[in-house]
Amino acid sequence: MRICIFCGSSMGYDDVYRDAAHHVARFFTDNNIGLVYGGANVGLMKVLADVMLSEGKEVIGVMPTKLIRREVAHNNLTRMINVESMAERKEKMVELSDGFITLPGGFGTFDELSEILTFNQLRITDKPIGILNVNGYFDKLLQFFDHAVTEGFVRKEHRNNLVVSDNISDLFLKMNEYKPLTIGKWIKDIVKESHS
Ligand code: AMP
């Protein structure tokens, strides 16, 4: 099994984030889970990759050529896949992975989380998506998602299909129980709403 992790190209100020990335990498090595990620040699991404590589585990990076030129690419990965664009990178990550976990990060991480949620909403993929809510980092984002449901811009079912935990083994258990949404009806509902 391979899981794609979206996370910061920064470390965050508090050591709790670095420790969490370390812990996740250990969980992956202990459970024989391969890692797919952005391929960088910086931030929480580097922590994950280095721990897994030191245990001889599989780490696949997917990186646009432009970023490689900026010399942030990790040079010791099991495999580095070069792509042309950020869009192609996400497609490749989706193709290679059995699920997605988001750890704390910045705009790049938000972009990846948001795109994969949209992919699931449109049933382009049906793979589980989890957030590891380290140190309550995502509390406000999750509150905003609830707000979007209350205001009628996100379907409750789509919001609820996002798996959240502050503990990696619990997150994994919940992701294993993930069931793709079968409500194809929501697009029809949106069309109806727009014409009433
Ligand atoms: P950010 O959350 O803004 O630090 O961006 C991290 C996410 O965006 C990662 O999951 C990567 O896939 C991607 N990303 C952003 N910056 C880089 C970088 N310098 N090298 C590789 N990937 C990056």
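Analyst: **The cavity and the strands around it**

Helix α5 gives the most to the lining of the largest cavity, with 4 residues. This is a predicted model, in which local features need pLDDT of at least 70 and side-chain atom pairs count only at pLDDT 80 or more, while totals for chains, interfaces and linings use all residues. Residues are numbered from 1 along each chain as its sequence is written, and side-chain values use heavy atoms, with hydrogens and water left out.

A cavity here is a set of points, on a 1 Å grid over the protein atoms alone, where a 1.4 Å probe fits but cannot get out; a pocket is an open set with protein on both sides within 12 Å along at least five of seven lines, and lining residues have an atom within 4 Å of a point. Grid points are joined across faces, edges and corners, and a volume is the space filled by probe spheres set on the points. A search of the whole structure finds 1 cavity of 30 Å³ or more, and the volume of the largest cavity is about 30 Å³.

Its lining consists of Phe6, Lys90, Met93, Val94, Phe100, Glu112, Glu115, Ile116 and Phe119. By class these are 6 nonpolar, no polar and 3 charged residues, where Ala, Val, Leu, Ile, Met, Phe, Trp, Tyr, Cys and Pro count as nonpolar, Asp, Glu, Lys and Arg as charged, and the others, Gly among them, as polar. Both α4 (86-96) and α5 supply at least two residues each to this lining; helices (H or I, at least four residues) and strands (E, at least two) are DSSP runs, numbered from the N terminus.

Phe100, one of the lining residues, belongs to strand β5 (residues 99-102), where Gly99 and Ile101 on one side and Phe100 and Thr102 on the other are all buried, that is, under 20% relative accessible area with a 1.4 Å probe and protein chains only, against over 50% for exposed and partly exposed in between. In a regular strand the side chains alternate between the two faces of the sheet.

Strand β5 runs parallel to β1 (residues 2-6), and 4 bridges join them; two strands count as paired if DSSP finds at least two bridges between them. Within this pairing Ile3 stands opposite Gly99, and Cys4 stands opposite Phe100. Towards strand β6 (residues 129-132), β5 is again parallel, with 3 bridges, and here Phe100 stands opposite Ile129. The chain passes from β5 to β6 through helix α5 (residues 107-121) in a right-handed β-α-β crossover, meaning that, with the strands pointing away from the viewer, the path from the first strand over the helix to the second runs clockwise.

Seen as a whole, the sheet is open and has 7 strands in the order β4-β3-β2-β1-β5-β6-β7, with parallel pairing. Its edge strands, each pairing on one side only, are β4 (79-83) and β7 (163-165). On average, neighbouring strands are turned by 25 degrees against each other, direction ignored; axes are lines fitted to C-alpha atoms, for helices over the stretch in contact, and angles run from 0 to 180 degrees between N-to-C directions.

Helix α5 also gives the most to the lining of the second largest pocket, with 4 residues. That pocket holds about 310 Å³ of space, and its lining has 8 nonpolar, 7 polar and 4 charged residues.
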